Amino acid sequence: MTSSAAEYDVVIMGGAFSGASAGMMLKREHPEMRILIVERTVHFDRKVGESTSEVAGCFLTRVLHQGGHLSARQYQKHGLRLWFCKSPNDPVCECTEIGPTYQSRLPTFQLDRELLDEHLLKEACDFGCELLRPATIKTITLSEDTAPHTLEIMPQEGTLRTVTTRWIIDASGKAAVLSKKLGLHRPIGEEHPTSSVWCRFRHVNGLDSFQSRKMHPRLMQGARSLRTTATNHLMGRGWWCWIIPLSDGSVSAGVTWDRRLYDLPAGPSLVARLQAHLVAHPVGRLMFEHAIPDEGDTFYYKNLAYHSERVAGNRWVMVGDAAGFMDPLYSQGLDFCGHTVYAATELVKKNLMGEDTQMITDYLNMAYPRSWRIWFEALYKDKYYYLGDAELMNAAFLLDLATYFIGPVRLVYSDPCYEWTRMPYDGPAGTFFGRFMAFYNRRLARLAEDRVRKGIYGRRNNGHFWAPRQSFSPDTGVMWLLWDGLKAWLKAEITTFIASPATTPAPSMIPEKAVEAA
């Protein structure tokens with residue numbers, strides 16, 4: 001490696017998932033690198049949602065090689081299940097369910113992020129990274145030439161410390177330190193005005209428990225897999241709830257909503273409002289009516305979606321949530337963490353080896369905001385308008401997951417060394433699929449508004465179990481599921497067009513705020 005007068009080769013701001021992963025990946029290949037990780041907290045907190053998708057599962061098992069930890073200390077996830085109802089008083093067995101019949105084929109996990117982040121940070125330190133924790137970065141002076149960057153760091157116990165470094169990796173999460181410092185932070189609260197509140201619960205009644213199946217024998221039908229180990233979503237117009245089991249016996253439950261369409265019930269506290277919302281859904285009432293929340297483990301976020309206009313510059317780069325975040329619906333936040341961490345570490349390694357890396361920097365600054373925008377418009381823009389209609393979400397479920405497996409999942413498994421350095425939906429094929437997905441997403445949102453006006457929104461939210469004909473996998477078989485999704489979409493278009501206005505609107509749990517907005 002080229003010589004330098006800097007004290008460190010790399011300073012990583014943040015020691016959670018992205019920061020620890022970056023430190024580990026750099027140090028295990030180049031033990032001679034001088035790497036400092038600065039972590040603000042004494043203990044990590046828990047994040048919004050703890051579920052992974054297949055791309056993140058690939059990163060965890062095939063890039064970070066954490067299969068042993070994940071198998072021993074975390075929960076294996078078995079798919080995604082969506083639950084719909086027409087009213088809070090519907091029988092649980094009458095709620096329409098969308099989800100797989102059998103277990104998942106590729107590794108995905110229900111994560112206790114506090115446990116995982118601590119484990120990854122320890123591994124980074126075991127590889128030789130230096131850790132300063134707890135400590136706060138007071139100032140950052142970025143060099144505009146070849147001189148080192150300078151940071152002033154205040155440990156919780158000690159005196160102010162000034163360090164110099166050749167590279168800075170910003171893994172500060174939602175604090176987005178460099179993005180905000182450089183004026184690159186771009187929230188999109190008006191376009192996607194979402195909020196989220198969540199908590200840990202104990203004594204939750206699982207869907208596979210003796211009590212649940214005794215009360216509702218028909219739960220034995222339909223799915224052959226365990227429902228409890230899936231990520232279960234309760235669905236409504238303008239909102240959705242996640243229910244995620246964790247390895248310590250607790251359950252993470254939360255709600256994310258679009259403030260244009262919905263607000264939580266009134267209550268004396270956030271956790272009381274959350275629990276009131278959960279038990280207003282038949283499945284939520286079955287699981288959480290007697291559950292005990294951990295009120296000290298309750299969090300609230302507003303305006304979840306944001307991104308950085310640029311993610312790399314003169315020997316600095318952003319990774320993970322420091323670069324951007326969209327929405328937790330499909331649990332794909334760690335997907336972008338994987339791509340940005342891998343790309344950033346390749347950039348740093350090549351630059352420290354003396355290579356000209358300007359083309360890589362230019363690519364990341366072009367590709368990241370473009371990929372973010374394509375993914376957002378394809379999956380999340382105005383999606384909350386049709387989340388509460390089972391028929392529309394069945395089409396979206398098939399189309400969204402089929403295109404995900406055809407593209408991002410298949411690519412990281414088939415050509416990992418190349419694809420991890422690229423951003424999702426890169427190139428002409430990615431652009432084509434992104435535009436196709438954005439088109440059907442717009443159409444489904446429009447169909448939802450038409451259904452509200454005609455009083456038929458959520459008309460099939462009772463009495464159906466819709467399962468894909470086969471498990472999703474990154475091969476040619478997924479094309480059949482894409483075809484099924486296209487047929488479900490076409491059917492929704494036709495039935496909405498020919499439907500006559502209902503004399504009595506279907507009570508599909510549409511809040512008054514949503515009806516007024518429609």
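Guide: Let's start with the aromatic rings: the count comes to 21 aromatic pairs. Keep in mind that this is a predicted model.

Visitor: OK, so what are the distance and angle for F336 and Y368?
Guide: The centres of F336 and Y368 are 5.6 Å apart, with 70° between the planes, and the pair is edge-to-face. F336 belongs to helix 9 and Y368 to helix 10 (residues 358–379), so the pair links distant parts of the chain, 32 residues apart.

Visitor: Are those two buried or exposed?
Guide: F336 is buried, at 7% relative accessible area. Y368 is buried too, at 1%.

Visitor: What about F432 and F433, how do their rings sit?
Guide: Their planes are at 80° and their centres 5.6 Å apart, so that pair is edge-to-face. F432 is exposed, with a relative accessible area of 55%, while F433 counts as partly exposed at 24%.

Visitor: Which residues form an aromatic cluster?
Guide: One cluster is made of F17, F59, Y342 and W420.

Visitor: And which charged ends sit over a ring?
Guide: The charged end of K174 sits over the ring of Y301, 5.7 Å from the centre of that ring. For R422, the charged end sits over the ring of Y363, and there the distance to the centre is 3.8 Å.

Visitor: Switching topic: what kind of peptide bond joins R133 and P134?
Guide: A cis one, with omega at about -10°. P134 is in the loop between strand 7 (130–132) and strand 8 (135–141).

Visitor: Where are they?
Guide: N303 lies in the loop between strand 17 (299–302) and strand 18 (306–308). R315 is in the loop between strand 19 (312–313) and strand 20 (316–318).

Visitor: Buried or exposed, those two?
Guide: N303 counts as partly exposed because its relative accessibility is 30%. R315 has a relative accessible area of 11%, so R315 is buried.

Visitor: What comes just after helix 13?
Guide: G455, which takes a positive phi of about 75°.

Visitor: I clicked on R227. Where is R227, and is it buried or exposed?
Guide: R227 is in the loop between helix 6 (210–215) and strand 13 (231–236). R227 is buried, with a relative accessible area of 2%.

Visitor: What does the side chain of R227 reach?
Guide: The backbone oxygen of Q221, at 3.1 Å. Leaving out residues up to four places away in sequence, R227 touches several others, including R81, W83, E97 and D208.

Visitor: And A344?
Guide: A344 sits in helix 9 (residues 333–352) and counts as buried, at 1% relative accessibility. Beyond the neighbours within four places in sequence, A344 is in contact with V317 and V319. The C-alpha atoms of A344 and L26 are separated by 9.9 Å, and these residues are 318 apart along the chain.

Visitor: Last one: how many disulfides are there?
Guide: The count is zero. Take C125: the nearest cysteine sulfur is that of C129, 6.5 Å away. A disulfide needs the two sulfur atoms within 2.5 Å, so C125 is in no disulfide.

Terms used:
Residues are numbered from 1 along each chain as its sequence is written. Side-chain values use heavy atoms; hydrogens and water are left out. Helices (H or I, at least four residues) and strands (E, at least two) are DSSP runs, numbered from the N terminus. Buried means under 20% relative accessible area, exposed over 50%, partly exposed in between (1.4 Å probe, protein chains only). Contact means heavy atoms within 4.5 Å. A polar contact is a pair of N or O atoms within 3.5 Å; within protein, one must be able to donate a hydrogen and the other to accept it, and residues adjacent in sequence count only if both atoms are side-chain atoms. Rings of Phe, Tyr and Trp (its six-membered ring) pair if their centres lie within 6.5 Å; planes under 30 degrees apart count as stacked, over 60 as edge-to-face and the rest as tilted. A charge sits over a ring if NZ of Lys or CZ of Arg is within 6 Å of the ring centre and within 35 degrees of the ring normal.
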